[in-house]
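Hi,

Here is the structure I promised to pass on.

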Amino acid sequence: MHKSPQAEPVFLHKHRKLIAVVAIPVVALGVLATLFDKIFFYNEAGQMTHVRTIFGEEKVVEDVGYATKWFGRSTIWRRTIGVQSALQVDQQDEAPRGQAAVVLQNLPIVFLGNVDAKAEFSTQFRLPSGDAFLKIAQEYRTPDNFLQRALLPAIKETLQATASLMSADDYYAGNRSHFGAEFENQLRNGLYLTSRKEIRVKRDNLPAQTAILQAGTDQGSFGDNASTRFVIEKKLDKNGQELRKQQQFRLFGVEVVDARVTHIDPNPQYQQRMVRVQQALAELAVARQNRLKEEEEKELVSARGAKDVEAKRQESLRQQIERTTEAETEKQLTLINAERENRRAEIDKQTAELLRDKARVNAEATKITADAEAYAREASLKADGALQIKLETLVQINRAWADAAARAPVPNVMMGGAEGGIGRQDEMSKLMGILAAKAAKDLALDLNAH
């Protein structure tokens, strides 16, 4: 069913008020939103906005919140700008507004000695505020221009100037921290003004070289014993201070917050040489360890020999001390025995003297007693003419004759008369009488006197 053309104006006429009521507020809101966006903007934390209004006013907004730009243009700047380099660049790391950080590919550098490499670094810059920032904004207009024209050239120049201060061997030999410190120092305070100087170093450890190698000498390198080295000298002023080339961005009040060299990747040829050097150093370390081992074993053998010698010396000393002690002991024992024998001899001597004295006394006493007895006997003899002795002698004589008579054999033939014969008893009686008389006569004893 089709409507007639005359019916549409009637519909619009009936709903015109409703359309006006709805459309006018919507249009008004759109206009207000457009006007608000053209007049106001919001300044985020950590940002500074460079504003140019239609009235010719140019200002810097640093406070957080809404500010006016009056249909002008605004450029957002970050208070801190980071510039980094890496082997692989991810574009998502770049901030779309204000360029908070820029990630670049690693930059090529050349060390002293013409060894090229690629460097990775990380830097952070803080922009000034107020009129100083306004001067930067007026000079470079956008953060990208400031990065490309001020910061990146300064970073590249400083990195290359730092690489020129030392050789790659010095860097990999332990001067990495010094390299990073020099990079930050020159980025903050300016580049050193330097000059390259050639010096010749004589190698005293090499002998004078000839075409013929002498026995027992090192050939070394034929020719001159001196080697050529290039060194970088910093130029000094009359006060002894280093001459520097001022960093241009520092003139605008930009501060270096942080500057680090994170990695240096040398060329493949140098890496291969480093591998060979590492192998040589490893072999040298092994040889040094073997030498130390040999020295330790030598010292161990010497120590063992010294130990054996000392043990033998101590054993000999012990035996000597024992022999000396034994000899001393024997000497002391001999002295003691001699002293004992002396004491014993002395005692024996004293005993002998005592016995001699005693014998002398006894002899004297015996003599005195004998003299007294002899004197007594002599006196007794003088008194009775030794009668008692004579009698005793006579008794002994008679007893002897009596024994003899008793043992005398009996005769086989007996002779006798009628009146009486002579018998054995009579013979013995007569004999005893004769002998008694003879003994008395011999003793000069008078038997009738008593």
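**Notes on the model**

Lys234 sits in strand 12 (residues 226–234); helices (H or I, at least four residues) and strands (E, at least two) are DSSP runs, numbered from the N terminus. Before going on, some housekeeping: this is a predicted model, where local features need pLDDT of at least 70 and side-chain atom pairs count only at pLDDT 80 or more, while totals for chains, interfaces and linings use all residues. Residues are numbered from 1 along each chain as its sequence is written, and side-chain values use heavy atoms, with hydrogens and water left out.

Back to Lys234: it counts as partly exposed because its relative accessibility is 32% (buried is under 20% relative accessible area, exposed over 50%, partly exposed in between, with a 1.4 Å probe and protein chains only). Leaving aside neighbours within four places in sequence, Lys234 is in contact (heavy atoms within 4.5 Å) with Glu182, Tyr192, Leu193, Thr194 and Glu242.

Now the core. The largest nonpolar core has 43 residues, and Phe111, Phe146 and Phe179 have the most contacts inside it. (Such a core is a set of buried Ala, Val, Leu, Ile, Met, Phe, Trp, Tyr and Cys residues joined through side-chain atoms within 4.5 Å.) Helix 3 (residues 143–163) gives the most to this core, with nine residues.

Buried residues in helix 3 include Phe146, Leu147, Ala150, Leu151 and Ile155.

Lastly, there is an open sheet of three strands in the order 3-2-5, with antiparallel pairing (two strands pair if DSSP finds at least two bridges between them). Strand 3 (58–61) and strand 5 (73–78) are at the edges with a single partner strand each, so one side of each has no neighbour in the sheet. Strand 2 (residues 47–52) is joined to strand 5 by six bridges, and Met48 stands opposite Trp77 in strand 5.

Cheers
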